[in-house]
Amino acid sequence: MTTSKDPIKLRRRKTSTGLTSLYLDIYLKGVRTYEYLRLYLVPEKSREDKRKNLETLKLAETVRAKRIVELRNGFYGFKNVTGGNTLFFDYYEKMRLKHVKNSTVKNDNWSSALYHLRNYEQRKNITFAGITTVWIQGFRDFLVEKARTRANRPLAANSASHYLSILRTCVNQALKECVITEDPFRGVTAIKREETERAYLTVDEVRRLTVTPCEHDRIKRAFLFSCLTGLRWSDIVKMTWGEVEEQSGFRRIVFRQKKTGGQEYLDINSQAATLMGVRGKPSDSVFRNLHAPATANEVIKRWVLRAGIQKNITFHCARHTFAVMMLDLGVDIYTVSKLLGHRLVRTTQIYAKVLDKNKQAAVARIPQILENTDDEEKSAEPL
């Protein structure tokens, strides 16, 4: 229960969308600041709405009570809430190092984003107080219009979009840790990504690879395993035998996705199980000594060429291959989404565009128009 003497009060504010935003009004040592909780009350049109609002209010009161306890114990970081005095680049660097430590991918996009951030912002000691909406909008425009790679080439749209998203991740973490209380990204639009061609292999091409020698058998088995399961490189690299279970005649992998952190339960067929080899100790890696991703991709490119396949194939293309193969076999997109570990079905829909059965069926319905097609093909001159 809030009283007039409480230094932290729970407030409400109507939003343009009709919801009611909950926030904390903090008055400390003559300075008033606000902490937006990202909790919202909905218009009460049903009993369910009332129930949800009561739960939301209870959660907000819990946060308020926690802040008061932290204030009384002297360790709640109000200096960050009131002043935004945390150095931006120091904070970003800590997040970058944490990301690099937890990542299995050698390519460090956080460092690449930092390269462009430092080109945009020359002040080394800028604090979060300076990370305003205008500043972020300026960085967005810089990425689109002025940023260049280390090789002095214009920055690709997808790279620019990704680097802005990395900055957003950093800012969101600062909000979560109460380093800042206002979201400076509010009103800043994302950089639109360009659709890129998703290279994949046909079933016949995968068959050709199975009978083509590869200089590293472990990479060959891991790649084919990904073609049959859709697992990412990062999840295959960290997979241990302790994550592999036997259930109802199927081998099942129970694991947490490296990229999203989601808990997954993936049933695999006997062919994929064969590629895993002989079961080891629970702590043993299933696929050992796979080299660095860049090395693996070079091996794969030589192997693909040796098989007579003229495509630019990397390890991640095995995941695309699995997705397209499943759709081609008639598996519904929802199931394919779950097999790939996608949180949203719309993420999987890109593969439906690659293989659109309805379009194929539509063009197949065009009636025969050309007469004596075979004879005409033989005598036709090039256009």
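Why is strand 5 largely enclosed by the rest of the structure? I found that five of its seven residues are buried, so the rest of the structure largely encloses strand 5. Buried here means under 20% relative accessible area, with exposed over 50% and partly exposed in between (1.4 Å probe, protein chains only).

Ground rules, before I forget. This is a predicted model, where local features need pLDDT of at least 70, side-chain atom pairs count only at pLDDT 80 or more, and totals for chains, interfaces and linings use all residues. Residues are numbered from 1 along each chain as its sequence is written, and side-chain values use heavy atoms, with hydrogens and water left out.

Entry: I looked up the strand order and got 4-5-6, an open sheet of three strands with antiparallel pairing. Strand 4 (244-247) and strand 6 (263-268) are the edge strands, each pairing on one side only. From one strand to the next the twist averages 30°. Strands are DSSP runs of E with at least two residues, helices are runs of H or I with at least four, and both are numbered from the N terminus. Two strands pair if DSSP finds at least two bridges between them.

Entry: Strand 4 pairs with strand 5 (residues 250-256) over four bridges. I noted E246 with R251 as its bridge partner, and E245 opposite R252. Two residues sit between these strands, and S248 takes a positive phi near 55° in this hairpin. Strand 5 then pairs with strand 6 over six bridges, again antiparallel. R256 stands opposite Q263 there. This hairpin has six residues between its strands, and G261 in the turn has a positive phi of about 80°.

**Entry: helix 4.** I checked residues 109-120: the 12 residues reach 17 Å from first C-alpha to last, close to the 16 Å expected at 1.5 Å a residue. The expected span is 1.5 Å times one less than the number of residues. Its buried residues are W110, S112, A113, L114, H116 and L117.

**Entry: helix geometry.** An α-helix has 3.6 residues a turn, so residues three or four places apart point the same way.

Methods: Axes fitted to C-alpha atoms, helices over the stretch in contact; angles between N-to-C directions.
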